[in-house]
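Open the model in your viewer and keep the selection tool ready.

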Amino acid sequence: VQLVESGGGLVQAGGSLRLSCAASGDTFGIKSMSWYRQAPGKQRELVATAADGTGTNYVDFVKGRFTISRDNTKKTLYLQMNSLKPEDTAVYYCNTPGRTYSWGQGTQVTVSS
């Protein structure tokens, strides 16, 4: 399975972006997908997870601002990010909760103050 993230960019604080993660290859059986992010000098961290049958989960620092969704027919995962803050600046990646697949190149999100 290959993962390709897109949709990042430069936005002012308070703005919005919608990220996409397109999966190719044998995606049959993938039950859950997650978004991660990695800021400069920091470890990669989980942001949100969308799981078949159990809904969605978010880490506290994005609750109420980010929304994860998936379109299984298009093999695409989305992350709608609203009310962006400078501390959201990072490279965003997608993968399973178990980090099963090779990481894609990520998509850079930069939020200016």
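Select Thr 96. This is a predicted model, and here Thr 96 has 7% relative accessibility, so it counts as buried, the cut-off being under 20%.

Thr 96 sits in the loop that links strand S9 (90–95) to strand S10 (107–112).

Which residues does Thr 96 touch, leaving out those up to four places away in sequence? Select Ile 30, Ser 32, Met 33, Ser 34, Tyr 36 and Tyr 101.

Keep Ile 30 selected and move to the largest pocket. Its space is about 240 Å³. Ile 30 is among the residues closest to the pocket's centre, along with Thr 27, Arg 70, Asn 72 and Lys 75. In total, 15 residues line this pocket.

Next, colour the lining by residue type. Then highlight strand S3 (17–24), strand S7 (66–71) and strand S8 (76–81): each gives at least two residues to the lining of the largest pocket.

Zoom out to the whole chain and switch to cartoon. There are 10 strands and zero helices. The radius of gyration is 13 Å, close to the 13 Å from the globule rule for 113 residues, so the chain is as compact as a globular protein of that length. Its C-alpha trace spans about 40 × 25 × 25 Å along the principal axes.

Finish with the surface. The accessible area is about 6000 Å², and carbon and sulfur atoms hold 49% of it. Of the 113 residues, 42% count as buried.

Key
Residues are numbered from 1 along each chain as its sequence is written. This is a predicted model: local features need pLDDT of at least 70, side-chain atom pairs count only at pLDDT 80 or more; totals for chains, interfaces and linings use all residues. Side-chain values use heavy atoms; hydrogens and water are left out. Helices (H or I, at least four residues) and strands (E, at least two) are DSSP runs, numbered from the N terminus. Buried means under 20% relative accessible area, exposed over 50%, partly exposed in between (1.4 Å probe, protein chains only). Contact means heavy atoms within 4.5 Å. On a 1 Å grid over the protein atoms alone, a cavity is a set of points where a 1.4 Å probe fits but cannot get out, and a pocket is an open set with protein on both sides within 12 Å along at least five of seven lines; lining residues have an atom within 4 Å of a point. Grid points are joined across faces, edges and corners, and a volume is the space filled by probe spheres set on the points. The radius of gyration is taken over C-alpha atoms; the globule rule is 2.2 Å times the number of residues to the power 0.38. Accessible areas come from the Shrake-Rupley method with a 1.4 Å probe; for residues, only the protein chains shown count as cover.
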